[in-house]
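Trainee: I have a structure to read. Can you take me through the terms as we go?
Mentor: Gladly. Have a look.
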Amino acid sequence: MQLDDVTALGGEPTRNRDLRSRGRQTIARLLRAGQEVVEERGHDQARVDDIVKRAGVSHGTFYLYFKDRDDLLSSLIKLVSRQLVQLGDELPTTPDAASLAGWILRSIEVFDVHAEVLRAARSMCSDEAVSGLVPAIAKALDNIDGASKNTTLVAEMLLCHLERATVRDDIVDADALATVTLRAAAGC
């Protein structure tokens with residue numbers, strides 16, 4: 001995690017504050033600790049007490065940077081969103097069924113790593129974590145032969161399916177999902 005990027009991931013108390021290097025480092029430690037605790041215990045069971053112990057800071061320090069646990073969860077959702085957007089860079093320029101299936105399998109691995117943060121996002125009614133991937137997928141689908149005007153909708157549906165499957169621990173048939181996605185994008 002880059003310290004320059006961390007300032008935007010701080011919670012509500014850090015808005016409109018100019019943070020020094022030490023403050024950015026503390027936010028980074030709290031985010032790392034929060035992500036570890038959330039992924040280990042689940043977002044419902046993650047407590048501020050566990051996060052501050054893991055980060056090696058006091059409760060007072062936590063509240064200098066985050067209003068409460070939900071504020072930290074919102075920041076974790078932003079962090080995961082940034083990490084998931086990088087998946088868009090891995091998409092083939094003009095996907096076929098095999099390359100898209102491979103990308104779907106890679107996406108599932110990444111989604112699994114962040115499953116609890118995605119569950120938190122879903123429980124907080126936030127699609128922010130995955131929405132940044134939509135333009136990249138739609139752009140790739142636009143390049144297939146016979147692409148329809150609905151590639152953004154198809155991209156949203158694909159991501160919704162992947163996210164829900166990850167959150168519910170469903171098994172995904174990547175080959176079938178790739179084929180259906182390509183057919184939908186082509187308007188078949």
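Mentor: Axes are lines fitted to C-alpha atoms, for helices over the stretch in contact, and angles run from 0 to 180 degrees between N-to-C directions. Helices (H or I, at least four residues) are DSSP runs, numbered from the N terminus. This is a predicted model, where local features need pLDDT of at least 70, side-chain atom pairs count only at pLDDT 80 or more, and totals for chains, interfaces and linings use all residues. Residues are numbered from 1 along each chain as its sequence is written, and side-chain values use heavy atoms, with hydrogens and water left out.

Trainee: Why is H2 called oblique to H3?
Mentor: The axes of H2 (residues 21–41) and H3 (residues 48–55) come within 8 Å and cross at roughly 125 degrees. Under 35 degrees is roughly parallel, over 145 roughly antiparallel, 65 to 115 roughly perpendicular, and the rest oblique. So H2 is oblique to H3.

Trainee: What makes the contact between H2 and H3?
Mentor: Contact means heavy atoms within 4.5 Å. H2 brings residues including Leu30, Gly34 and Val37, and H3 brings Asp50, Ile51, Arg54 and Ala55. The contact residues divide into five nonpolar, one polar and six charged. Gly counts as polar, and Asp, Glu, Lys and Arg as charged.

Trainee: Why is H7 called mostly covered?
Mentor: Buried means under 20% relative accessible area (1.4 Å probe, protein chains only). In H7 (residues 115–123), seven of nine residues are buried, among them Val117 and Leu118.

How values were computed:
Helices (H or I, at least four residues) and strands (E, at least two) are DSSP runs, numbered from the N terminus. Buried means under 20% relative accessible area, exposed over 50%, partly exposed in between (1.4 Å probe, protein chains only).
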